[in-house]
Amino acid sequence: MVVTKKMFAAYLGIHPTNIKPYYESYLEDLGLKRSYLLISDIARLDGVTVKYVSEIIGVKIPCDCDFVPKR
C-alpha cells in the first residue's frame, strides 16, 4: 500500500506540513527510483514489522504480517 505524506507524518509523529524533508530522506536512504513509499519500505528501513507500521498509520491490512522485510 502506498503511504501518503499525511500517513507518514502520523508514523513519525510530526505535523504534515513539516514532512517533506523526512519523506525525501526515506526515499533517498532506500535508494528508490520511484517517488512514493510503501508500508513495506518503511518497515524495512526501520527494522520493524509491517503490522507495526500499519497500526501506527491507521491502516488495516487483511493479513497477519508479523515479519520484517529484508533489505
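## Reading helix packing in a predicted model

Reader: Which residues does D41 touch, leaving aside those up to four places away in sequence?

Author: Contact means heavy atoms within 4.5 Å. By that rule, D41 touches L30, L32, R34 and Y36, not counting residues up to four places away in sequence. A word on the source: this is a predicted model, where local features need pLDDT of at least 70, side-chain atom pairs count only at pLDDT 80 or more, and totals for chains, interfaces and linings use all residues. Residues are numbered from 1 along each chain as its sequence is written, and side-chain values use heavy atoms, with hydrogens and water left out.

Reader: Is D41 buried or exposed?

Author: Buried means under 20% relative accessible area, exposed over 50%, partly exposed in between (1.4 Å probe, protein chains only). D41 has a relative accessible area of 0%, so D41 is buried. D41 lies in helix α3 (residues 39-46). Helices are DSSP runs (H or I, at least four residues), and strands are too (E, at least two), numbered from the N terminus.

Reader: Which residues are buried in helix α4?

Author: In α4 (residues 50-57), V50, V53, S54 and I57 are buried. Their directions from the helix axis to the C-beta atoms define an arc. Seen down the axis of α4, the buried residues fall within an arc of 95°, so they line one face of the helix.

Reader: What do the buried residues of α4 pack against?

Author: They pack against β1 (2-3), α1 and α3. Just after α4, G58 takes a positive phi of about 85°.
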